[in-house]
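Okay, thanks for coming, everyone. Let me put the model up on the screen and then walk you through it.

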Number of protein chains: 2
Amino acid sequence: MLRRPDQTGHEPAATLPHVAGRPTLRDVAQAAGVHAATASRALNEATRDLVRPETVARVRAVAAELGYQANPIARSLKTSRSETVGVLVPDLTNPLFPPIVRGIEDELASAGYTVLTANTDNDPRRTAIGFAAMQARQVDGLIVATALLDDPVLRETAARGVPMVLVNRTTERLDVSSVAGDDATGIARTVEHLVDLGHTDIAHVAGPLEVSTGAVRERAFRAAMRDRGLSDSRVVVAEGYSEAAGRAALLEIITTAPPTAVIAGNDLLALGCYDALEESGLRCPDDVSVVGFNDMPLIGRLRPPLTSVRVPQYELGVEAARLLLDRLSGRTLTPRVVLLPLSLVVRGSTAPPPARRGRAAAGRPAVVSPPTP
Amino acid sequence: MLRRPDQTGHEPAATLPHVAGRPTLRDVAQAAGVHAATASRALNEATRDLVRPETVARVRAVAAELGYQANPIARSLKTSRSETVGVLVPDLTNPLFPPIVRGIEDELASAGYTVLTANTDNDPRRTAIGFAAMQARQVDGLIVATALLDDPVLRETAARGVPMVLVNRTTERLDVSSVAGDDATGIARTVEHLVDLGHTDIAHVAGPLEVSTGAVRERAFRAAMRDRGLSDSRVVVAEGYSEAAGRAALLEIITTAPPTAVIAGNDLLALGCYDALEESGLRCPDDVSVVGFNDMPLIGRLRPPLTSVRVPQYELGVEAARLLLDRLSGRTLTPRVVLLPLSLVVRGSTAPPPARRGRAAAGRPAVVSPPTP
DNA sequence: TTGTACGCGTTATCAA
DNA sequence: TTGATAACGCGTACAA
């Protein structure tokens, strides 16, 4: 706990509070010639109108002079609220999450809440530990980016009545608020883009189907392909959202025959696809087009620059925080599901398929402006 | 605060604790037929040997059955320790910091501490707010990644006796522990690498000189150049650690005449250099070699892959956390300065200078294995 | 409008 | 070895 060994600046008030530590409510009250209870009321926004204006002014002046800051711990003990929110992410080191967390922190900070984070590494044991740690810390609510489609820990926590918002990933059969990207539309637009370029033989390297992003995107891919009368059978599910998994998955697809385009479940998988293509002596986009998902930082500087579905990560975080704040303030009680619009950012990794390139695009990657949202 | 509306699982103990909420120490004590003080002693590692072994066992059994978890808020109020550490970073969204934060969190978590983070955006006002927020939250200590060389806020906080460790950036004239990379050696090795390739006209796009990383690397650059009898005059200081600033700085250098190699203060500045070169019709590494600093994720997949100085970010965080833990436990009282070794990762952005390339490397980027640490 | 009294859940001090 | 009691700093019925 931070201590102040001595008062700095300002001539100390007539009565020196305590001996050395930071001033307490009683110190303020005493210096203002008023009872602690009155000082408390004067300092608290919600109760300040119970106090005569001049008293309020005096108390506040004294508090400012003494540099008084309410002890949040004592307050929490009294109010049973910690003004603290827990955030669970798989891995802060994954570029997808920092912007989300930042959005959450910025939004919650403006409401006076502080954020505790825990990394779960997609490990059930670590996840359980993380939830328990948050509970032990008495967080007022939870923002969860680690949800599985079928998630017992989540269900149990929700059943306990813990205010909770899911972000990025959602879950099934659970009446809880969530904020995610409109993945289905994002995938549909991607398929559309590739078809417009002339592709018909399109494969999908899907993310793990235990998480909503993997499952939703896979389903959307199949639907979009069928809608256009194309085969939706070239799908391989990757072991996880990693470059290695993406590489392995695409290699498996290539074994049969290389498609002319691949839609990856996310950008890391797409990077793995780059590796697989290089190993197979195939070039992107000349032989095979590749599309990612999330539009991670730097992804536009790769070789070739990756076409990807842009997810507004920061806004995802902000919106999740808002939903939680609404819930914590008691304004909203019924869960809401928010889908944020995505946009396709077309870069150099997508081009017409080889068969067409002779007449259509003459070897130059097609540059298409992103569809308006 | 998390509540349990009802007891799940387990047949409840004979006496139902409270009405519904989570069990308190008194509940455990009562159920174990013992006084609350005794229960407290039995449950606390440090004091359990003051209690008869059988009593300890009984209390612990009851606690486990009831699912008792000590209320950290009440404990903090009593002990004046929050088991919480504040981490101040410029911007979590900058790829440099997530690994550091993760390292800190992992190390502190294993000691039972929780981390609060705040982003300062290198803005003095936000920084002051961040420090104040941490103080208000009663953190037991601080890990600071936002230090300026001359940092009043830092000095004031240190003077107040707050346990504190600096990470990545250090400060001047302040007796405080810090963990950083051995930047001077890193830069020296970079210069050596370029000179080995045949470069003599080497420029430096320095980071802001108000922060230690900028100043140290700039000084190291000048020293290394002079040591080799080369001119150390081609230095431009960038406005900040951003791509835009790097671009502007290199453009300024190019105005005179393009150097054959540029050492950037960090990877983002190096990316800006890529932009400046492209705009100027110069190719990397054919016309100008570029070296970055930090070895950010994905940087090896750029075009061309960026040669960079690898900084062990995660370890930086771990080490900083260790230093703070040592301080908090009272083991170490005298500040320590830790420098972690760096390594140069040579990739495709560095090659012999144009004049030499005719005879030496025939246009192919030179690939040099990294020096052994 | 302000003061009194109490309790939030825990640990520390003292006494038994 | 254990129990009684107080106190950490604050908020809030209730009384005045």
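So, to start with, which residues in H2(B) and H3(B) meet each other? On the H2(B) side we have B:Thr38, B:Ala39, B:Ala42 and B:Leu43, and they meet B:Thr55, B:Val56, B:Val59, B:Arg60 and B:Ala63 of H3(B). "Meet" here is a contact, which is to say C-beta atoms, placed from the backbone, within 7 Å. And "helix" is a DSSP run of H or I with at least four residues, while a strand is a run of E with at least two, both numbered from the N terminus.

Quick housekeeping. This is a predicted model, with local features needing pLDDT of at least 70, side-chain atom pairs counting only at pLDDT 80 or more, and totals for chains, interfaces and linings using all residues. Residues are numbered from 1 along each chain as its sequence is written, and chains are lettered from A and ligands numbered from 1 in the order in which they are written.

Back to that helix pair. In chain B, H2 covers residues 36–43 and H3 covers residues 53–66; they pack at about 90°, with axes 9 Å apart. That makes H2(B) roughly perpendicular to H3(B), a label for angles from 65 to 115 degrees, where under 35 is roughly parallel, over 145 roughly antiparallel and the rest oblique. The axes are lines fitted to C-alpha atoms, for helices over the stretch in contact, and the angles run from 0 to 180 degrees between N-to-C directions. By class, the contact of H2(B) with H3(B) splits into six nonpolar, two polar and one charged. Nonpolar is Ala, Val, Leu, Ile, Met, Phe, Trp, Tyr, Cys and Pro, charged is Asp, Glu, Lys and Arg, and the others, Gly among them, are polar.

Over in chain A, the axes of H2 and H3 come within 9 Å and cross at roughly 90°. In the loop between H2 and H3 of chain A sits A:Val51. Is A:Val51 buried or exposed? Buried, with 21 other C-beta atoms within 10 Å; the cut-offs are 20 or more for buried, 12 or fewer for exposed, and partly exposed in between. Leaving out residues up to four places away in sequence, A:Val51 touches A:Thr38, A:Arg41, A:Ala42 and A:Val56. A:Val51 is also twelve residues from A:Ala39 in sequence, and their C-alphas are 9.0 Å apart.

Zooming out: chain A has 13 helices and twelve strands, and 49% of its 373 residues are buried. Of the contacts in chain A between residues at least 6 apart in sequence, 65% join residues at least 24 apart.

What about confidence? The mean pLDDT, the predictor's per-residue confidence from 0 to 100, is 89 for chain A, with 90% of residues at 70 or more. Residues 1–20 of chain A are below 50, and that stretch has 34 contacts beyond near neighbours in sequence. Residues 358–373 of chain A also stay under 50, with 24 contacts beyond four places in sequence.

Last, some backbone geometry for you to look at. The peptide bond from A:Cys284 to A:Pro285 is cis, omega near 5°, and A:Pro285 lies in the loop between H11 (267–279) and E9 (289–294) of chain A. Another cis bond joins A:Arg303 and A:Pro304, with omega about -10°. A:Asn294, not a glycine, has a positive phi of about 115°; A:Asn294 sits in strand E9 of chain A and counts as buried, with 27 C-beta neighbours inside 10 Å. A:Asn122 has a positive phi too, near 55°, but A:Asn122 is partly exposed, with 16 other C-beta atoms within 10 Å.

Terms used:
Contact = placed C-beta atoms within 7 Å.
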